[in-house]
Amino acid sequence: MSHLQNLLLDTLLGTKHVDSAALIRLQERSLCVASPGFNVMPSDVRTLVNGFAKNPLKTRREGLYFKEKDYKCVRADDYSLYAKNENTGVIVVKTHLYLLVATYSEGMYPSVCVEATEKLGDYLRRKGN
């Protein structure tokens with residue numbers, strides 16, 4: 001297993017409040033690593049990359065279509081996108097090289113998912129990633 005995949009598993013899935021996670025390379029617009037069973041399709045990669053490329057206010061207004069679900073965007077700025085659909089959600093944090101994607105499902109605390117994802121994003125930014 002790669003160092004990056006270990007980071008995803010230990011720091012995110014290890015919280016028990018992140019259902020799945022992935023790292024997307026910004027330059028190549030491609031999936032780098034993902035937690036087992038988390039299949040991020042190329043169309044989903046485009047959606048997330050475009051969520052940051054567009055004006056964040058527009059993304060917040062329009063929401064996100066990710067993994068065949070419509071999500072209401074509750075935060076959109078230059079570094080973070082938070083979106084929810086009923087009791088599930090997706091958290092996306094932008095670093096220099098990656099988009100860090102984490103999802104939570106029913107019974108998980110969204111605040112723990114957000115905190116863990118933002119902390120890992122900060123760590124990757126400090127490392128120049």
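Trainee: What makes K119 count as exposed?

Mentor: In this predicted model, K119 has a relative accessibility of 52%. The label exposed applies over 50%, so K119 counts as exposed.

Trainee: Why is E115 called partly exposed?

Mentor: E115 comes to 45% relative accessibility. Buried needs a value under 20% and exposed a value over 50%, so E115 counts as partly exposed.

Trainee: How do you know that the side chains of K119 and E115 meet in a salt bridge?

Mentor: The N to O distance is 3.2 Å, and the cut-off is within 4 Å, so the pair qualifies as a salt bridge. Both residues lie in helix α4, four residues apart, about one turn of the helix. In general, residues three or four places apart in an α-helix point the same way, because there are 3.6 residues a turn.

Trainee: What separates R125 and D122 in helix α4?

Mentor: About one helical turn, because R125 and D122 are three residues apart in α4. Their side chains also meet in a salt bridge, at 2.7 Å, N to O. D122 has 35% relative accessibility and counts as partly exposed. Between D122 and V93 there are 9.0 Å in space, C-alpha to C-alpha, for 29 residues in sequence.

Trainee: How many salt bridges does a search of the whole structure find?

Mentor: Three. One of them joins the side chains of R75 and D77, at 2.7 Å, N to O. R75 is partly exposed at 34%, and D77 is partly exposed at 24%.

Trainee: Why is the pair of F66 and Y71 called tilted?

Mentor: The ring planes stand at 55 degrees. Stacked would need under 30 degrees and edge-to-face over 60, so the pair is tilted. The ring centres are 6.5 Å apart, and the count comes to one aromatic pair. F66 is buried with a relative accessible area of 1%, and Y71 is buried at 9%.

Trainee: What makes strand β7 largely enclosed by the rest of the structure?

Mentor: Seven of the seven residues of β7, residues 98–104, are buried, so the strand is largely enclosed. Y98, L100, A102 and Y104 are buried on one side, and L99, V101 and T103 on the other. Strand β1 is joined to β7 by six bridges and runs antiparallel to it, with R25 opposite Y98. Strand β6 is also antiparallel to β7, again with six bridges, and A102 is the bridge partner of I91. Three residues lie between β6 and β7 in their hairpin.

Trainee: How do you know that the buried residues of α2 line one face of the helix?

Mentor: The buried residues in α2 are D44, V45, L48, V49, G51 and F52. Seen down the helix axis they fall within an arc of 150 degrees, so they line one face. The face turned away from them carries the exposed residues P42 and A53.

Methods:
Residues are numbered from 1 along each chain as its sequence is written. This is a predicted model: local features need pLDDT of at least 70, side-chain atom pairs count only at pLDDT 80 or more; totals for chains, interfaces and linings use all residues. Side-chain values use heavy atoms; hydrogens and water are left out. Rings of Phe, Tyr and Trp (its six-membered ring) pair if their centres lie within 6.5 Å; planes under 30 degrees apart count as stacked, over 60 as edge-to-face and the rest as tilted. Buried means under 20% relative accessible area, exposed over 50%, partly exposed in between (1.4 Å probe, protein chains only). Helices (H or I, at least four residues) and strands (E, at least two) are DSSP runs, numbered from the N terminus. Two strands pair if DSSP finds at least two bridges between them. The arc is that of the directions from the helix axis to the C-beta atoms.
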